[in-house]
Amino acid sequence: MAATIYDAIGGEPAVNAAVESFYEKVWADPDLLEYFATADRERLKGHQRAFLTTALGGPTAYAGKSMAEAHKGRGISAAAFDRVVEHLVATLKELGVGEDTVSAIGAKLGPLKPEVVEA
């Protein structure tokens, strides 16, 4: 059995693939475009890789802003947060991540909602 969720999904290659596929979905979603219109996409993907690696028990320590600080003033709605989560779940399933692992990832990331949602 894998020691961490990070190991269970396949480590760095899996996180990299997940981030690429995830952002393809997010950036193609008209309901989310306004939140990413001015974003430095490559920088954002780098932060997401580091954050997911850390959140899932991998070796990289996320040293970025807190979730609240990174999302402050962006007016992110609960519906937009939920939509992003839907894209993440779809991405993980497409990459063959099992239901139990997807649920475990949700358990790690779900509590961040109050730190991200403002509107």
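Start by selecting residues 78–94, helix α6, together with residues 99–109, helix α7: their axes come within 10 Å and cross at roughly 150 degrees. An angle over 145 counts as roughly antiparallel, so α6 is roughly antiparallel to α7. Keep in mind as you go that this is a predicted model.

Now turn the view to follow the crossing: α6 passes α7 in a right-handed one. Next, show side chains. On the α6 side, pick Phe-81, Leu-88, Val-89, Leu-92 and Lys-93. Their partners in α7 are Glu-99, Val-102, Ile-105 and Leu-109. Colour this contact by residue class and you will find seven nonpolar residues, two charged and no polar ones.

For the second stop, hide that pair and select helix α2, residues 11–28, with helix α4, residues 41–55. Here too the axes come within 10 Å, and the crossing angle is roughly 130 degrees. What does that make α2 relative to α4? The angle makes α2 oblique to α4. The crossing of α2 past α4 is right-handed.

Bring up the side chains again. With the class colouring on, the contact of α2 with α4 divides into seven nonpolar, three polar and four charged residues.

To finish, show both pairs together. The contact of α6 with α7 has no polar residues, while the contact of α2 with α4 has three.

Note on methods: Residues are numbered from 1 along each chain as its sequence is written. This is a predicted model: local features need pLDDT of at least 70, side-chain atom pairs count only at pLDDT 80 or more; totals for chains, interfaces and linings use all residues. Side-chain values use heavy atoms; hydrogens and water are left out. Axes are lines fitted to C-alpha atoms, for helices over the stretch in contact, and angles run from 0 to 180 degrees between N-to-C directions. Helices (H or I, at least four residues) and strands (E, at least two) are DSSP runs, numbered from the N terminus. Angles under 35 degrees count as roughly parallel, over 145 as roughly antiparallel, 65 to 115 as roughly perpendicular and the rest as oblique. A crossing is left-handed if the near helix is turned anticlockwise from the far one by less than a right angle, and right-handed if clockwise. Contact means heavy atoms within 4.5 Å. Ala, Val, Leu, Ile, Met, Phe, Trp, Tyr, Cys and Pro count as nonpolar, Asp, Glu, Lys and Arg as charged, and the others, Gly among them, as polar.
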